[in-house]
Amino acid sequence: QVQVVESGGGLVQAGGSLRLSCTASGLHFDDVTLGWFRQAPGKEREGVSCISISWRGSRAYYAESVKGRFTMFRDNAENTLYLQMNSLQPEDTAMYYCAATGRYDDEACSSGRTPQFKYVYWGQGTQVTVSS
């Protein structure tokens with residue numbers, strides 16, 4: 001059974017920080033592609049960042065809108081991926097989702113492109129609200 005669970009959202013003021021967690025149970029953390037997505041009301045869901053992990057190592061990408069502010073890091077032993085979000089702005093307000101491909105797929109995370117159809121397993125989402 002595969003389960004993806006994200007948490008850590010909340011309400012913060014502009015300039016503040018949050019750390020989101022994504023635990024992917026039932027998946028091999030050395031053979032998976034993971035992505036963070038977000039969706040604001042009235043807008044399409046968009047990729048925030050992604051990381052592909054394989055026996056060769058890992059590679060990560062960030063959307064231009066979050067580069068320099070958001071950083072991913074992981075705890076392999078706990079199958080957990082974190083998204084550290086700093087310098088949050090009101091435009092970052094959205095429901096944030098963690099998703100996984102199930103197996104490593106570099107095409108699911110390449111040059112900032114995160115084709116959502118490749119992500120099979122999705123969490124329930126965690127709300128991030130940034131006030132001005």
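Start by selecting Leu34 and Ala100: the latter, in E9, is the bridge partner of Leu34. Strands here are DSSP runs of at least two residues, marked E, while helices (H or I) need at least four, and both are numbered from the N terminus. You are looking at a predicted model, in which local features need pLDDT of at least 70, side-chain atom pairs count only at pLDDT 80 or more, and totals for chains, interfaces and linings use all residues. Residues are numbered from 1 along each chain as its sequence is written, and side-chain values use heavy atoms, leaving out hydrogens and water.

Now show E4 and E9 together. They run antiparallel and are joined by six bridges; two strands count as paired if DSSP finds at least two bridges between them. Colour E9 (residues 94–100) by accessibility: six of its seven residues are buried, that is, under 20% relative accessible area with a 1.4 Å probe and protein chains only (exposed is over 50%, partly exposed in between).

Strand E11 (residues 126–131) is antiparallel to E9, with three bridges; pick Met95 and you will find Gln127 as its bridge partner in E11. Strand E10 (residues 121–122) also pairs with E9 in the antiparallel sense, over two bridges, and there Tyr121 stands opposite Ala100.

Go back to E4 (residues 32–39) and select Arg38. Is Arg38 buried or exposed? Arg38 is buried, at 6% relative accessible area. Its side chain makes a polar contact (N or O atoms within 3.5 Å; within protein, one able to donate a hydrogen and the other to accept it, with sequence-adjacent residues counting only if both atoms are side-chain atoms) with the side chain of Glu46 at 2.8 Å. A polar contact of 2.9 Å links the side chains of Arg38 and Asp92.

Finally, display the cysteines. There are two disulfides, each a pair of cysteine sulfur atoms within 2.5 Å. Zoom in on Cys22 and Cys98, whose sulfur atoms are 1.9 Å apart. Cys22 sits in strand E3 (residues 18–25) and Cys98 in E9, 76 residues apart. This link is left-handed, with -70° about the S-S bond.

Then move to Cys50 and Cys109, with sulfur atoms 2.0 Å apart. Cys50 belongs to strand E5 (residues 46–54) and Cys109 to the loop between E9 and E10, so the pair ties together parts 59 residues apart in sequence. The torsion about the S-S bond is about 85°, so this disulfide is right-handed.
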